[in-house]
Amino acid sequence: MSDLRTPKSNRMPAGSVQCDNTTLNLLKANDFVAKAIKDKLPNLLVVNVCSSPGSGKTTLMQETGKLLRDRLNIAVLVGDPETDRDAVRMKEVGINALQIVTGGMCHIEAQMILQALDHIDLTDTDLLFIENVGNLVCPAAFDLGEDYRVTLIASTEGDDKPKKYPRMFLTSELMLVSKSDLLPYVPFSIEAVTKDAREVNPTLEVITISSLKGEGLDRWCDWLIEKVEEKKAKNQVAQE
Amino acid sequence: MHEISVIRTIVSTLKEKYEGNFDKITKVEIEAGLLSNIQPVLIQNAFEALRLELPELMELELEVKVLPIIARCNKCNENFEVKYHRFICPCGEPTKEVIQGDELQISKVEFIKT
């Protein structure tokens, strides 16, 4: 059927075509909603956590929740193509969590976050994690109104990811090298991954962690507390 | 990635911007930066697929232009092309300042002249 088609522009003699040079951003709708989310949450820190599937996002959320229980009120919006298993895992350790089932979609869009905010109680919450769909490609293009984007890369998935998925590492502020307890058993070089990641993003911070053994989690928690305090201080100045 | 939704957004953006003149559009040019993760071939195929569903797209032509990544070096105040995703100026200075390469936009629309 499409073989028979002749585009109109080919049929038109030269000179009969009118041209409009323009700039119409195709991610405008998402960016507009992302801004609305930012405006809606002036006093709590929003961190968008990205990685490949299986890099340890959910385990990290669980352990962070336990470690910071007495210091920060944490909530998690967790995205997956199907099932509410991750939200159940968060709730098991006492974290306020809501599952966003994307219905097969490969990323979370700002609109999904905006809608989810109506279904989760964020009173007194200091820190909201958005656990993105496991994917290093598509989530990189969608601003969710977050203050910071953190990308995990597990020692088991190879140290060549930053060059393969540059936009994700370009748009992140922090890279967490996870599963550090497995480093002795896998061919993964922290130096190589840091060098490649900083060629893509020279200001990227790097922390090495093991959620299961606890290595580096103190640095990660300090980072979070510092950013929460910065955000609150900024909001206070804005209100005065 | 999500090509079909990109095509749908192209159509809805054009309808919003050009309202009554939508059916006079003959060709749309898209600019996709290398960082947008857009593959021209996949976009074209998604467009063909959606055309079967939406007869109003029957006569529309789509062209995707890929834009290279351009970054700015704050040391020499010059722009340079980023190759192999090395955001490092030929002078050796790293940079984060992307001038071009993450855009996904409609850059040109052609109509039948009335």
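The questions and answers below go through a predicted model with chains A and B.

Q: How many helices and strands does the secondary structure of chain A come to?
A: Chain A has 240 residues, of which 42% are buried. Its C-alpha atoms fill a box of roughly 70 × 50 × 35 Å along the principal axes. The secondary structure of chain A comes to nine helices and eight strands.

Q: Among contacts in chain A between residues at least 6 apart in sequence, what percentage join residues at least 24 apart?
A: Two residues are in contact when their C-beta atoms, placed from the backbone, lie within 7 Å. Among the contacts in chain A between residues at least 6 apart in sequence, the share that joins residues at least 24 apart is 74%.

Q: Are H3(A) and H4(A) roughly parallel or roughly perpendicular to each other?
A: Helix H3 covers residues 57-67 of chain A and helix H4 covers residues 85-92, and their axes come within 9 Å and cross at roughly 20°. Angles under 35 degrees count as roughly parallel. H3(A) and H4(A) are therefore roughly parallel.

Q: Which residues of H4(A) make the contact with H3(A)?
A: H3(A) passes H4(A) in a right-handed crossing. On the side of H3(A), the contact is made by Thr58(A), Met61(A), Gln62(A) and Gly65(A). The residues of this contact divide into two nonpolar, three polar and two charged. From H4(A), the contact is made by Asp86(A), Arg89(A) and Met90(A).

Q: Which residues does Val76(A) touch, not counting residues up to four places away in sequence?
A: The largest nonpolar core has 78 residues, and Val76(A) is listed with Leu127(A), Leu128(A), Phe129(A) and Ile130(A) as having the most contacts inside it. In general, nonpolar side chains in soluble globular proteins tend to be buried together. Leaving out residues up to four places away in sequence, Val76(A) touches Met61(A), Met90(A), Ile95(A), Ala97(A), Phe129(A) and Glu131(A).

Q: Which element gives the most to the side of chain B that touches chain A?
A: The contact takes 34 residues from chain B and 31 residues from chain A. On the side of chain B, the elements that give two or more residues are helix H1 (3-18), strand E1 (25-33), helix H2 (40-53) and strand E6 (104-112). By class, the residues on this side divide into 13 nonpolar, 10 polar and 11 charged. With nine residues, the element that gives the most is E6(B).

Q: Are H1(B) and H2(B) roughly parallel or roughly perpendicular to each other?
A: H1(B) and H2(B) pack with their axes 9 Å apart, at an angle of about 70°. Angles of 65 to 115 degrees count as roughly perpendicular. H1(B) and H2(B) are therefore roughly perpendicular.

Q: Is Asp124(A) buried or exposed?
A: Asp124(A) has its place in the loop between helix H5 (110-116) and strand E5 (127-131) of chain A. Its phi is positive, about 65°, although Asp124(A) is not a glycine. Most residues other than glycine have a negative phi. Because it has 8 C-beta neighbours inside 10 Å, Asp124(A) counts as exposed.

Q: What value is phi of Glu19(B) near?
A: Glu19(B) lies in the loop between H1 and E1 of chain B. Glu19(B) is exposed, with 8 other C-beta atoms within 10 Å. Its phi is positive, in a residue other than glycine, and is near 30°.

Q: What distance separates the C-alpha atoms of Lys113(B) and Ile25(B)?
A: Lys113(B) lies in the segment after E6 of chain B. With 11 other C-beta atoms within 10 Å, Lys113(B) is exposed. Lys113(B) and Ile25(B) are 88 residues apart along the chain, and their C-alpha atoms are separated by 9.5 Å.

Q: What distance separates the C-alpha atoms of Leu54(B) and Glu110(B)?
A: Leu54(B) has its place in the loop between H2 and strand E2 (61-67) of chain B. Leu54(B) is exposed, with 12 other C-beta atoms within 10 Å. Leu54(B) and Glu110(B) are 56 residues apart along the chain, and the separation of their C-alpha atoms is 20 Å.

Definitions and conventions: Residues numbered from 1 in each chain as written. Chains lettered and ligands numbered in written order. Predicted model: local features only at pLDDT ≥ 70, side-chain atom pairs only at ≥ 80, totals over all residues. Axes fitted to C-alpha atoms, helices over the stretch in contact; angles between N-to-C directions. Helix = DSSP H or I, 4+ residues; strand = E, 2+ residues; numbered from the N terminus. Parallel < 35°, antiparallel > 145°, perpendicular 65-115°, else oblique. Left-handed = near helix turned anticlockwise from the far one by under 90°. Nonpolar A, V, L, I, M, F, W, Y, C, P; charged D, E, K, R; others polar. Core = buried A, V, L, I, M, F, W, Y, C linked by C-beta atoms within 7 Å. Buried ≥ 20, exposed ≤ 12 C-beta atoms within 10 Å, placed from the backbone.
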